[in-house]
Amino acid sequence: MMTEPSVPEELLSALRKHQRVLIAAHTNPDPDAMGSCLALAWALRSIGADALVFNEDGLPERLRFLTLPGPVLSSLESLPCEPDLVACLDCGDRARLGEVLQPLLDRVPSVNIDHHLANPLFGTEANWVDPGMAATGEMIAMIAKALRSTLHGALAEALYVAISADTGNFSYGNTTAGALRMVAEMVEEGLDISLLREKMENNWSETRLRLWGRLMQDALILEEGRLAVSLITRDTLRECNATRDDTEGFVEQLRRLRGVRVALMLREEEKDGKVQTKASLRSSGKDNVRDVAAQFGGGGHRNAAGATLPLDAEKALTVMQPYIRFVWNRVK
Ligand code: 5GP
Ligand code: MN
């Protein structure tokens, strides 16, 4: 029998020792990033710490139904005081926390809790990085239990949102027995899964529905059916009256097509007056898309990865395509 992973003692002692803990995850937070932050804040508050959640992009619209342990702060000016610890969650590297937090990270101790491959262990006080974990949420569930929290109420809801999103509703290859056991425990403590699913999934705006229809129509099927691509220009979003948030999750649809080995969503954005493109890559099984993202300064997991390129969407496709070909060429 394999030994069960456990929370490193030095991480627990860092979390117990500090009173003012700022909890942050990557910018443009997905449900694992934000759910993990909220859950850790609940757990730390239960042991008397002043835990605050920070994200420079704030709380995403689609997670507004969650009960919060306090406001999600998005500027350093809004902090009531200097924290004595920053807990960095779900960030494959330090830059993922965003520009706003970088000066704070230079002067305040940090802990790094993450499940991405090749995390460079940037935490100054403790690092717990385990790519075998289904979600950062699974790790936070273990921390919460080690801090004697019961997995129920708002804490459990935040954890469920985190774990279910990163595992594709407990169906991707990263789904661990440990994550399923954590959810079983939450259900025993009264978690209403169907109510949460209703709030998370059956809650689309008409804009999102119409945008996805258009993106499905316009999808490019390349490389003899092995690569499905969605190019999302700023014009498309404008014409559909849609936002960046409305595109989240669409890349999973591209992977559903029979024969597709790599799904690629390329979304144009504007930053400081310049165009850039956010790439989201998905694959299955042994096909490794993290290596493609890493070529462009990004990262992630074997079957889900991302990067931001300083190019428009069409040019981003041109430069990425040769690296994507490599994905299936090296798997026997
Ligand atoms: P998504 O495509 O949903 O944005 O991200 C898929 C996975 O790749 C997530 O685990 C996410 O954290 C990671 N990821 C996305 N963009 C980047 C990036 O620019 N850098 C790194 N290191 N990881 C990323
Ligand atoms: Mn994650």
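1. The lining of the largest cavity comprises two nonpolar, one polar and four charged residues, where Ala, Val, Leu, Ile, Met, Phe, Trp, Tyr, Cys and Pro count as nonpolar, Asp, Glu, Lys and Arg as charged, and the others, Gly among them, as polar. Those residues are Asn-28, Pro-29, Asp-30, Pro-60, Arg-62, Asp-245 and Glu-248. A cavity is a set of points on a 1 Å grid over the protein atoms alone where a 1.4 Å probe fits but cannot get out, and lining residues have an atom within 4 Å of a point.

2. This is a predicted model, in which local features need pLDDT of at least 70 and side-chain atom pairs pLDDT 80 or more, while totals for chains, interfaces and linings use all residues. Side-chain values use heavy atoms, without hydrogens or water.

3. The manganese ion (ligand 2) is coordinated by Asp-32 (OD), Asp-90 (OD), His-115 (NE2) and Asp-166 (OD), at 2.1 to 2.3 Å. Donors here are N, O and S atoms within 2.8 Å of the metal (3.2 Å for Na, K and Ca); water is not among the atoms, so the site may look incomplete. Along the chain the donor spacing is D-x57-D-x24-H-x50-D.

4. Asp-90 and His-115 are both buried, meaning under 20% relative accessible area with a 1.4 Å probe, protein chains only.

Key. Residues are numbered from 1 along each chain as its sequence is written. Chains are lettered from A and ligands numbered from 1 in the order in which they are written. Buried means under 20% relative accessible area, exposed over 50%, partly exposed in between (1.4 Å probe, protein chains only). On a 1 Å grid over the protein atoms alone, a cavity is a set of points where a 1.4 Å probe fits but cannot get out, and a pocket is an open set with protein on both sides within 12 Å along at least five of seven lines; lining residues have an atom within 4 Å of a point.
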